[in-house]
Amino acid sequence: MYYSWGKACFIFAIVTVGKESRLLWVPLPGSRKLLINTIMRHAKLLFSAFLVVHLLASFPLLALDFKENRRAKYNFNSEWLLHTGDLPGAEQVRFNDRSWEMVTLPGAYNEDEAFRVAIDEHTGGIVWYRKYFRLPGKESGKKIFLEFEGIRFGGEFYVNGQKIGIHENGVMAFGFDITDYVNFGGKENVIAVRIDNSWDYKESATNTRYQWNDKNFNANYGGIPKNVYLRVTDKLYQTLPLYTNLQTTGTYIYARQIHIAEASATIHTESEVRNEYSTEQEFRFEVQIEDMDGKIVKKIDGPATRLRPCETQTVKAQGKMENIHFWSWGYGYLYNVYTTLYVNDKPVDVVKTRTGFRKTAFRDGMVYLNDRVIQLKGYT
């Protein structure tokens with residue numbers, strides 16, 4: 001750029017190499033002394049301009065454009081109502097819950113007992129949760145899922161007074177397809193959950209206790225001590241990794257042919273895709289890998305695929321990736337991997353998976369991480 005301040009004329013430029021920016025100027029003949037005086041008068045202005053340009057140059061460019069993505073994930077932790085003790089009919093839509101305590105998840109209903117009493121004295125029994133929510137009319141025609149990262153111990157789940165299923169074992173994440181149970185267009189919905197965290201809880205199918213649920217080993221933090229999410233997807237979608245109840249496996253990303261010295265590996269992606277449209281759907285599968293600086297460092301094109309109505313298929317794509325930052329002890333480098341379904345070149349379903357890549361082995365009585373022996377301490 002050419003600038004003229006009074007009689008001082010010079011060429012001004014900012015040069016950026018990688019993450020570093022440099023301010024350069026070349027004074028025109030006969031203006032060096034005037035230039036120095038001018039810079040002294042405007043030093044603060046010059047510094048501010050340089051700082052702004054440097055920040056803009058260092059900010060990662062967002063190369064991803066998923067405006068057509070129809071998938072959404074909503075935090076569903078706020079404004080739950082809690083009642084300790086069993087109540088008949090608490091699953092009904094018009095049940096009177098005005099006296100219930102409002103809580104925000106995640107949070108065990110008996111968490112205040114932590115470190116106050118021994119774990120074998122933690123309160124057990126029945127608790128109820130209820131939550132009201134509305135869905136806009138624009139979401140009608142899409143898939144609606146309810147995801148729980150975990151409860152303790154066994155639960156019965158209802159949406160608008162209808163039982164949608166149960167979950168037992170107190171450990172795993174699980175979900176429900178609630179598409180056919182919810183109201184759209186701003187009409188109110190209510191979820192009700194009955195949870196039993198008794199120490200002697202018995203599985204409903206076998207009437208037996210879970211052997212690992214022992215007072216000498218696990219603290220009994222009951223209720224919903226983990227996150228809850230509401231997910232919305234297109235009817236052509238990548239499934240959720242919630243095999244319990246939904247029987248779906250989701251997206252799986254892993255590395256093979258790992259060469260630590262060369263900083264390379266073959267990245268494999270597998271995504272279970274389901275078509276719940278009434279017509280056949282054709283889509284293209286694409287993978288993009290984003291580093292921690294926000295740059296796309298690898299793109300993998302998968303196959304074009306056709307799915308019949310109600311058909312489910314696992315699509316795969318793989319490609320060699322170089323200059324990998326391998327995850328390691330003390331260096332937890334993670335990538336964002338975007339797996340995308342394109343219909344007519346529009347990204348209708350995008351799944352973001354945050355993961356790292358590393359090489360492990362166990363031989364000769366030693367554990368290897370990225371071809372180096374690592375010492376482990378602990379107990380089983």
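1. Let's start at a turn: β22 and β23 make a hairpin, and two residues sit between the strands. Asparagine 344, in that turn, has a positive phi of about 55°. Keep in mind as you look around that this is a predicted model.

2. β22 covers residues 335-343 and β23 covers residues 346-355; they run antiparallel and nine bridges join them.

3. Is β22 mostly covered or open? It's mostly covered, with nine of its nine residues buried. Tyr335, Val337, Thr339, Leu341 and Val343 point one way, while Asn336, Tyr338, Thr340 and Tyr342 point the other way. Both sets are buried.

4. Lysine 346 belongs to β23. Its relative accessible area is 45%, so it counts as partly exposed. Leaving aside residues up to four places away in sequence, lysine 346 touches Glu68 and Leu341. Glutamate 68 is 278 residues away along the chain, yet the two C-alpha atoms are separated by 6.2 Å.

5. On to charged pairs: the whole structure has 17 salt bridges. One of them joins aspartate 234 and arginine 70, with the closest N and O atoms 3.0 Å apart. This pair links distant parts of the chain, 164 residues apart: aspartate 234 is in the loop between β15 and β16, and arginine 70 is in the loop between α2 and β4. Aspartate 234 is buried at 4% relative accessible area, whereas arginine 70 is partly exposed at 34%.

6. Which residue forms a salt bridge with arginine 71? That's aspartate 349, with the closest N and O atoms 2.9 Å apart. Arginine 71 is buried at 15% relative accessible area, and aspartate 349 is buried at 0%.

7. Last, glutamate 286 and lysine 299 meet through their side chains in a salt bridge of 3.5 Å, N to O. Glutamate 286 lies in β19 and lysine 299 in β20, so this pair ties together parts 13 residues apart in sequence. Glutamate 286 is buried at 4%, but lysine 299 is partly exposed at 48%. Shared partners join Arg284, Glu286, Lys299 and Asp345 into one salt-bridge network.

Key:
Residues are numbered from 1 along each chain as its sequence is written. This is a predicted model: local features need pLDDT of at least 70, side-chain atom pairs count only at pLDDT 80 or more; totals for chains, interfaces and linings use all residues. Side-chain values use heavy atoms; hydrogens and water are left out. Buried means under 20% relative accessible area, exposed over 50%, partly exposed in between (1.4 Å probe, protein chains only). Helices (H or I, at least four residues) and strands (E, at least two) are DSSP runs, numbered from the N terminus. Two strands pair if DSSP finds at least two bridges between them. Contact means heavy atoms within 4.5 Å. A salt bridge is a side-chain nitrogen of Lys or Arg within 4 Å of a carboxyl oxygen of Asp or Glu.
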